[in-house]
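Here is a friendly walk through a two-chain model. Please keep the sequence and the 3D view side by side while reading.

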Amino acid sequence: MSELVVRVAGIGVYGPGLTGWPVAAAVLRGEREFDGADPPRPAPGLLPAAERRRAPDTVLYASQAATEACAMAQADPAQLPCIFSSTQGDIAITDYMCATLVQTPRELSPTKFHNSVHNAAAGYWSIATGCREPATALSAWTDSVGAGLLEAAIQVADSGAPVLFAAYDVAAPGPLHSAVPFDRAFALAFVLAPPDSAPGMRLALRRAADGAARDAVDADWARALRAQNASADGLALLQALAANAPRTLHIGAGPQLTLRAEFAP
Amino acid sequence: MTAYTATSAAGRGSTAFHASLRQRRGGLRSNDFGSDPLPCWIGRVDGLEDEPVPGEFATIDCRNNRLAWLGLQQDGFLAAAREAIARYGADRVAVVLGTSTASIGATEEAYCRVDETGSFIPSYRDFLLHSPHSLVAFVQGLLGATGPAFTVATACSSSAKVFAQAERLIRLGWADAAIVGGVDTLCGSVLYGFNALQLVSDEPCRPFDVARRGISIGEAAGFALLERVAARADAPQLLGWGESSDAHHMSSPHPQGLGARLAIAGALERAGLAASAVDYVNMHGTATPANDAVEAVVVAETFPETTRASSTKGWTGHTLGAAGIVEAVACLVALDRGFMPGTLNCTAPDPACGPQFAIDNVERAPQIALSSSFGFGGNNAVLVFGRGGRA
């Protein structure tokens with residue numbers, strides 16, 4: 001199995017108590033208290049003002065993290081192929097669609113319908129940034145962060161060029177909440193580049209031995225957030241990046257696929 | 001591609017699909033799906049109501065996984081996939097499938113039966129049943145493959161993009177074989193959703209006809225087994241893929257088809273072929289006024305007069321997230337059976353169509369076939385296939 005090596009050129013994060021990478025890094029290093037209140041609605045700089053007002057939360061959270069990651073990497077988002085990964089996609093629109101289909105199916109909103117596609121965030125992002133590069137929208141259920149990271153690293157290795165990777169989920173409203181235990185919105189994003197000499201930690205990915213235990217952030221708030229949003233699986237990655245020290249992590253990418261992620265400054 | 005199959009309204013398995021194409025026998029019928037059907041035509045697969053998935057997957061039994069199960073059993077695909085897993089090892093076989101509906105039909109059912117507290121009744125409380133990943137989880141579990149596994153959900157380009165992802169996984173050493181494809185099924189969301197966008201025709205869809213009035217929604221399952229060429233040099237080959245974004249609009253194509261052109265150019269470049277080498281183009285050809293107007297011009301300006309281009313959606317309907325794999329299989333059938341399908345239900349072609357556009361089937365064996373898939377969000381994927389025996 002070939003090793004995939006990338007440089008983490010940019011990092012973005014948005015969620016409860018983690019409103020941007022500087023805040024999140026301080027919390028993850030234990031330098032700052034986690035404030036679990038709901039954060040303000042994101043207003044991602046790379047979306048036009050009209051979209052910031054009317055776009056669904058999935059688009060806003062994913063775009064907020066992506067905007068921050070691109071800025072840190074000093075990357076032109078129009079040039080970056082993007083990979084958006086989400087357990088459930090826009091579950092609030094799923095709730096709207098299913099409820100409307102029960103009551104008044106012929107009055108379904110056309111806009112909500114086209115926003116219901118799993119690649120809505122990728123679509124809005126590519127339209128807003130003028131990006132004509134490939135856009136991929138994935139799910140791997142509760143392993144969507146690890147699976148998306150793998151796909152992003154594969155694309156970097158294939159093209160020898162940077163990519164944008166974003167993972168996000170939002171709270172499950174209505175009856176869906178009885179099946180999907182998501183209570184909070186959370187998004188993270190990385191700009192991943194080939195392992196050249198520019199600043200940013202190196203991340204080497206291999207398949208871990210079967211049965212390898214998966215790492216998680218050892219804090220009550222992190223365990224709670226992970227239970228409320230599968231995309232918070234990425235907190236372990238963010239903590240390793242915040243520490244900026246050599247570290248080996250194991251992260252799930254499927255029911256029987258665990259990645260061994262080796263970080264080096 | 002050492003094995004492939006497709007099941008749609010045009011038949012169970014690629015032999016039946018081939019017969020329908022050859023005999024120009026479409027599978028569309030007047031909409032009889034649900035209790036209050038919209039006045040339109042659909043491509044429905046018969047028998048799913050009576051064919052549950054194997055019992056161990058009962059918690060994720062739904063129309064989409066039933067169609068996946070039915071599709072896997074055609075053309076000896078299940079045996080071929082299991083043989084590949086035995087040969088390479090379960091951890092060396094990837095599963096990369098596209099879907100747009102996944103199991104949303106089950107979520108719709110759950111909403112019809114919520115209890116007095118506003119929760120799903122217990123039989124609908126399985127988390128995975130309501131996830132877009134339910135299809136891949138089912139297929140992966142059924143086959144016992146443990147390699148990388150992804151659900152690709154980029155609307156109507158989903159099950160075309162899976163070929164690109166799987167090819168990268170194999171080439172970069174993360175798998176030795178990949179099961180690719182996709183499944184989409186009829187459900188209220190897509191029928192009423194496309195109706196709300198005024199994209200559904202009240203008659204059987206008429207791709208590229210000057211009087212076309214929109215899509216007919218269909219359902220389908222399709223799969224292909226991707227291995228390195230050395231595994232079987234005479235099998236049809238994936239020669240190239242191209243992916244792009246329109247960066248234009250969520251539900252309308254770029255007016256000049258810029259993203260489509262980029263994806264076609266990318267696929268040809270990767271295949272090392274000129275457009276003049278392409279014998280057959282299976283167009284996206286949904287029969288919406290906008291898609292077909294743009295695509296007709298793109299094909300007319302990109303390919304020589306000798307290329308033949310058609311849409312097979314008159315046979316199957318628009319199978320959405322499964323369209324990529326169904327039309328990839330149409331290309332593979334064309335390469336293996338030595339003919340090029342034309343277009344069903346088109347009598348007066350849009351004047352934008354070039355000389356490439358074919359209404360009648362062409363009884364000539366193509367060597368190179370190209371398939372285009374364009375999805376909401378301006379998401380484009382193009383695949384190039386060639387006959388086996390090439391280097």
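Two strands count as paired if DSSP finds at least two bridges between them. Helices (H or I, at least four residues) and strands (E, at least two) are DSSP runs, numbered from the N terminus. Bear in mind that this is a predicted model, in which local features need pLDDT of at least 70 and side-chain atom pairs count only at pLDDT 80 or more, while totals for chains, interfaces and linings use all residues. Residues are numbered from 1 along each chain as its sequence is written, and chains are lettered from A and ligands numbered from 1 in the order in which they are written.

**Chain A**

Chain A holds nine helices and nine strands. Its radius of gyration, taken over C-alpha atoms, is 18 Å, which agrees with the value near 18 Å for a compact globule of 265 residues; the globule rule is 2.2 Å times the number of residues to the power 0.38. The C-alpha trace of chain A spans about 55 × 40 × 35 Å along its principal axes. Of the 265 residues in chain A, 61% are buried. Here buried means that 20 or more other C-beta atoms, placed from the backbone, lie within 10 Å of the residue's own; exposed means 12 or fewer, and partly exposed lies in between.

Seven of its seven residues (163-169) are buried, so β5(A) is largely enclosed by the rest of the structure. Val163(A), Phe165(A), Ala167(A) and Asp169(A) point one way from β5(A), while Leu164(A), Ala166(A) and Tyr168(A) point the other way.

**Strand pairs compared**

| Strands | Sense | Bridges |
|---|---|---|
| β4(A) and β6(B) | antiparallel | two |
| β11(B) and β13(B) | parallel | three |

**Where the chains meet**

The contact takes 53 residues from chain A and 56 residues from chain B, where two residues are in contact if their C-beta atoms, placed from the backbone, lie within 7 Å. On the side of chain B that touches chain A, the elements giving two or more residues include α4, β6, α6 and β10 of chain B. The pairing of β4(A) with β6(B) crosses between the chains, and Leu138(A) has Val152(B) as its bridge partner.

**The sheet in chain B**

Chain B has an open sheet of five strands in the order β10-β14-β13-β11-β12, with mixed pairing. Strands β10 (237-245) and β12 (308-310) of chain B stand at the edges with a single partner strand each, so one side of each is left without a neighbour in the sheet. Within the sheet, Tyr280(B) stands opposite Ala369(B) in β13(B). Helix α6(B), residues 158-171, packs on the sheet and touches β10, β13 and β14 of chain B.

**The nonpolar core**

A nonpolar core is a set of buried Ala, Val, Leu, Ile, Met, Phe, Trp, Tyr and Cys residues joined through C-beta atoms within 7 Å. The largest one has 238 residues, and Leu192(A) and Leu383(B) have the most contacts inside it. Helix α11(B), residues 323-337, gives the most to this core, with eleven residues. Leaving aside neighbours within four places in sequence, the contacts of Leu192(A) include Val6(A), Val156(A), Val163(A) and Phe165(A).

Key. Axes fitted to C-alpha atoms, helices over the stretch in contact; angles between N-to-C directions.
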